[in-house]
Amino acid sequence: MDFYSFLIQLLNSVQYGLLLFLVASGLTLIFGIMGIINLAHGSFYMIGAYMAFSLSTLSGSLLVAIVLGVVLSMALGVFLEWALFSRLYKRDHLEQVLLTYGLILVFEELRSLIVGNDVHGVNVPAIFNWSIPLTETLSYPVYRLFMSGVCIVLAVLLWLLIAKTRLGMMIRAGASNREMVASLGLNINLVYRLVFALGVALAAFAGMIAAPVSSVYPGMGTSVLIICFVVVVIGGIGSVWGALVAALLIGLADTFGKVLIPQAAGVTVYLLMAAILLWRPEGLFRRGI
Amino acid sequence: MMQFRKSPRFGAFAAAAATIVAAGLFAVAGNAQAPQKVRVGLMLPYTGTYAALGNAITNGFKLAIEENGGKLGGREIEYFVVDDESDPAKAPENANKLIKRDQVDVLVGTVHSGVALAMAKVARDNNTLLVIPNAGADEITGPLCAPNIFRTSFTNWQPGYALGKVALAQGKKTAVTFTWSYAAGDESVNGFKEAFEAGGGKVIKSLALPFPQVEFQPYLTEIAALKPDMVYSFFSGGGAVKYVKDYAAAGLKNTIPLYGPGFLTDGTLEAQGEAAAGIQTTLHYGDGLATPKDKTFRAAYVKAYKSEPDVFAVQGYDAGQLLVAGFAAVKGDTSKRKELIAAMENAKIDSPRGPMTLSKAHNPVQDMYLRKVEGKENKVIGIAVKALADPARGCKL
Amino acid sequence: MTRRRIALAVAVLLLALFPLTGSAFYTELVTKVMILAIFALSLDLLVGYTGLVSFGHAAYYGVGAYVLGLMAPKYEAANLWLTLPVAIAVAGIAALAVGAFVVRVKGIYFIMVTLAFAQMFYFVFHDTAFGRGSDGISMNFKPTAAIGAFVPFDLANATHVYYFVFVLLALVFVFLRLLLRSTFGRALQGIRSNEHRMRSLGFPVYLYKLASFGIAGALAGLAGYLYALQFGFVNPELLSWHQSGNVLLMLILGGQGSLIGAVVGAFAFVAMEEIYSAVTTHWQLLLGATIIALVIFLPGGLASVAQRFQRKLIGGPPNE
């Protein structure tokens with residue numbers, strides 16, 4: 001591999017890793033703050049992508065679709081938390097796993113009933129629909145650069161929200177000690193509801209901006225879910241910073257693994273995970289935003 | 001923490017006992033039958049990614065039967081349908097349901113090769129007649145061939161081989177292949193390689209990514225660095241949509257031409273849009289064939305089902321035609337197994353794809369067409385290879 | 001007590017007599033359920049009695065199945081007495097290897113890490129040449145039970161297979177019952193209730209948990225082997241997380257923390273699948289909704305329904 005190809009593969013790794021981070025950040029937030037394991041997280045990603053498809057077809061603009069989609073997914077998150085997830089706080093992990101597993105099945109079949117099983121494409125918005133020539137044969141799609149930019153901006157916003165705002169302070173307090181916070185008079189239920197809605201919105205948003213690039217198809221939720229789990233396992237539950245580092249590491253391992261060791265392609269990421277767990281059984285960063 | 005019960009009480013035992021008794025009753029009830037109608041088992045995907053294909057095949061099959069008066073060899077038909085969900089793990093059980101529980105005379109299916117392999121095994125073990133209207137695994141009419149197994153679609157090798165010939169004819173000297181690393185992908189690439197390298201071409205690298213991943217960027221970067229004359233790729237469904245779009249977005253569309261078997265652009269043009277324009281593929285069917293049979297078939301299909309037929313509908317239709325021919329020869333008497341099989345082996349089918357016969361291994365011998373994407377169609381622009389038969393290596397028929 | 005014993009005996013008798021109904025299809029179906037019951041029992045040791053919720057148990061089930069698939073020669077039958085112990089051993093070793101990593105953590109973390117490792121195994125069989133790819137391995141012959149010239153039973157005969165599995169199910173059940181009554185078993189249950197106390201009492205908690213994980217894996221491997229034996233076909237979906245989810249579901253259906261519950265759960269799960277898929281092609285929607293409803297309204301599983309029913313009929317809480 002020559003130096004130029006190496007750089008481009010590096011760019012590929014980072015771009016893939018950043019998108020993974022966007023989806024995984026919601027998952028780790030929900031884990032870390034609410035203590036809930038949510039297997040249906042991949043389904044939210046899929047729902048986001050399908051919303052991007054249907055809404056952009058209806059409205060003619062991906063941007064409008066994304067704005068609408070974020071609002072809808074937050075509403076969905078609030079509803080789900082109120083109806084189902086609020087009952088899970090006192091339950092043990094097995095029940096959370098099973099309930100959210102049941103949810104995956106329900107979401108997949110509902111999608112099949114409502115939208116069908118076809119594969120759909122979403123058009124890249126015209127402003128981004130061009131590529132930057134890098135070599136004489138290869139160009140790099142500008143939309144992918146835009147996606148990475150959005151992921152970075154969101155990561156920064158998320159950090160600002162949690163570290164620097166009052167709401168963030170309440171969230172962090174609630175994560176450490178729910179009862180104490182409640183007895184201090186803060187509406188912990190509302191905080192949890194917001195956090196959950198935020199997690200759902202993050203996953204759905206990731207699905208929406210990724211839709212033009214990944215296309216919209218039935219299995220997309222499950223494939224992203226497992227890799228998100230690995231991100232959170234490596235990064236440490238509840239650590240957004242850890243999720244970022246882990247996602248980038250996975251991006252690197254996956255991209256270079258495919259090119260350098262094709263025979264072990266699917267397994268490289270898991271070997272990385274095993275290696276890190278050997279060193280740090282609870283992931284790179286402990287619980288802590 | 002969750003409460004843990006001690007050993008459950010009387011009630012739970014009763015529940016388990018009741019279930020066993022119920023199953024037993026089902027079993028006894030299922031034993032008594034008196035077949036007069038021909039029992040046709042359809043094991044196809046009716047949910048999941050391949051649902052559209054399952055439906056197209058079923059529609060095509062039933063159309064052929066309707067055109068024959070709704071009968072096989074003069075006998076009425078009873079259909080038994082199982083949704084295989086394209087899940088190889090459940091395949092042996094699903095096949096067993098049709099063969100052992102429903103006692104079908106003929107089993108028709110399926111789309112996914114992994115499921116079809118399991119079906120073929122069960123059919124062989126029970127000597128049930130099996131007609132495969134899609135799954136292209138070379139093995140089924142190769143080392144695993146059997147007198148009671150027929151296929152009316154293709155082997156993964158066929159379109160690949162045909163495209164290898166096309167590539168040579170178009171003056172390509174070097175190629176890179178890229179596909180999912182699973183049986184269908186490997187067999188398709190091997191077919192291409194066989195023809196291409198036999199004619200002096202060189203495959204400089206074979207890339208593969210695990211099925212069903214769709215993150216193609218690292219591989220596209222590598223292809224660009226290798227600079228071959230062409231790229232041969234097999235992908236299908238959602239993967240094909242994304243691949244063709246990514247290929248174009250990476251600027252490779254203009255610098256390194258992309259080729260593949262028909263599945264790269266079949267059923268996906270709507271989603272692929274401009275990115276697919278001009279791509280050449282090989283397949284045993286295409287749009288705009290305009291033979292008389294194709295025209296009548298298409299018209300009948302649209303009239304019956306209000307949608308355009310595709311290659312899968314054709315394959316289902318021909319499965320029906322094959323059975324019609326076989327059953328007509330034995331006048332519906334399924335006990336005349338040898339004659340039935342001989343009739344099916346020697347059938348000359350007037351297929352919408354062109355004249356079709358079966359090889360000794362029971363796989364179609366058919367013309368492979370060269371097609372080009374124009375607008376929303378895969379237009380047939382020529383014949384890549386005439387009457388191509390799969391070599392059926394390892395078949396002892 | 002006696003009433004329960006009678007009910008158990010009746011159930012066992014019905015199960016033993018079932019093949020007499022003569023339907024090959026249903027005999028094979030109940031065989032499959034018994035195999036799943038062994039699988040559920042193996043997980044029950046881990047989840048119900050040691051308190052370790054594993055979401056990756058299908059990995060060892062699949063390993064057991066693949067041992068047969070990979071060892072089976074192309075042109076002749078494999079030997080049962082050789083391949084079966086190997087399958088159990090390999091599955092057990094795989095579980096110990098993974099356990100060494102995962103038993104160090106608890107709770108949510110444990111669940112996720114077991115899932116992730118199961119995925120690793122899945123990809124080894126799905127994507128590498130060693131595992132022979134995503135279409136799976138088909139075996140041309142059933143294993144033979146021959147010892148020299150003596151052939152005690154014929155594994156190509158569905159009824160023989162049924163009784164073979166039946167006997168194994170009984171053996172596994174008895175084995176676990178004895179294990180759980182032993183000091184080792186009591187210690188596991190102690191760990192489930194209060195790990196710190198066990199540690200302060202001097203028990204090497206890590207080793208006990210690891211042992212439980214390994215035994216559970218080995219028994220899952222046995223179940224997987226039997227699956228491969230019955231269907232003659234293995235494929236990577238045996239290790240998928242759907243499979244891991246299904247076996248957990250069996251435990252919650254039957255009520256975890258009881259061995260009979262695991263068996264009942266296996267029957268209930270298959271019954272539910274069969275009934276739902278006969279009703280609609282979108283049966284997974286019904287399955288998902290049932291799971292959600294069960295978790296919310298019936299945390300004790302079907303066993304708790306039976307208990308409440310019995311309490312109404314007979315009155316008073318029955319005691320162990």
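This is a predicted model: local features need pLDDT of at least 70, side-chain atom pairs count only at pLDDT 80 or more; totals for chains, interfaces and linings use all residues.
## Two domains in chain B

Let's start with how chain B divides up. Its domain assignment gives domain 1, made of 38–154 + 289–362, and domain 2, covering 157–283. Where the two meet, domain 1 of chain B puts in eight residues and domain 2 of chain B puts in 12 residues. On the domain 1 side of that contact in chain B, you'll find three nonpolar, three polar and two charged residues. Taken over C-alpha atoms, the centres of domain 1 and domain 2 of chain B are 29 Å apart.

The scores are ipTM 0.85 and pTM 0.87. For chain C, the average pLDDT is 88, and 92% of the residues score at least 70.

## A parallel sheet

Now for the strands. Chain B has an open sheet of five strands, and if you walk across it you meet them in the order β2-β1-β3-β4-β5, with parallel pairing. At the edges sit β2 (77–83) and β5 (149–151) of chain B, each pairing on one side only. Neighbouring strands in this sheet are turned against each other by 20° on average, ignoring direction.

For a look at one pairing, take strand β1 (residues 38–44) and strand β3 (residues 106–108) of chain B, which run in the parallel sense and share three bridges. Here Gly41(B) stands opposite Leu107(B) of β3(B).

## Helices across the sheet

Two helices to look for lie across these strands. One of them, α2(B), lies across β1, β2 and β3 of chain B and runs at about 160° to β1(B). Another is helix α4 (residues 113–126) of chain B, which lies across β1, β3, β4 (129–132) and β5 of chain B, at about 160° to β4(B).

## Where two helices pack

What angle do helix α2 (residues 51–67) and helix α12 (residues 311–329) of chain B make where they pack? It's about 35°, and the axes of the two helices are 6 Å apart. The crossing of α2(B) and α12(B) is right-handed.

Key:
Residues are numbered from 1 along each chain as its sequence is written. Chains are lettered from A and ligands numbered from 1 in the order in which they are written. pLDDT is the predictor's confidence in each residue, from 0 to 100. Domain bounds come from an automatic or database domain assignment. Two residues are in contact if their C-beta atoms, placed from the backbone, lie within 7 Å. Ala, Val, Leu, Ile, Met, Phe, Trp, Tyr, Cys and Pro count as nonpolar, Asp, Glu, Lys and Arg as charged, and the others, Gly among them, as polar. Axes are lines fitted to C-alpha atoms, for helices over the stretch in contact, and angles run from 0 to 180 degrees between N-to-C directions. Helices (H or I, at least four residues) and strands (E, at least two) are DSSP runs, numbered from the N terminus. A crossing is left-handed if the near helix is turned anticlockwise from the far one by less than a right angle, and right-handed if clockwise. Two strands pair if DSSP finds at least two bridges between them.
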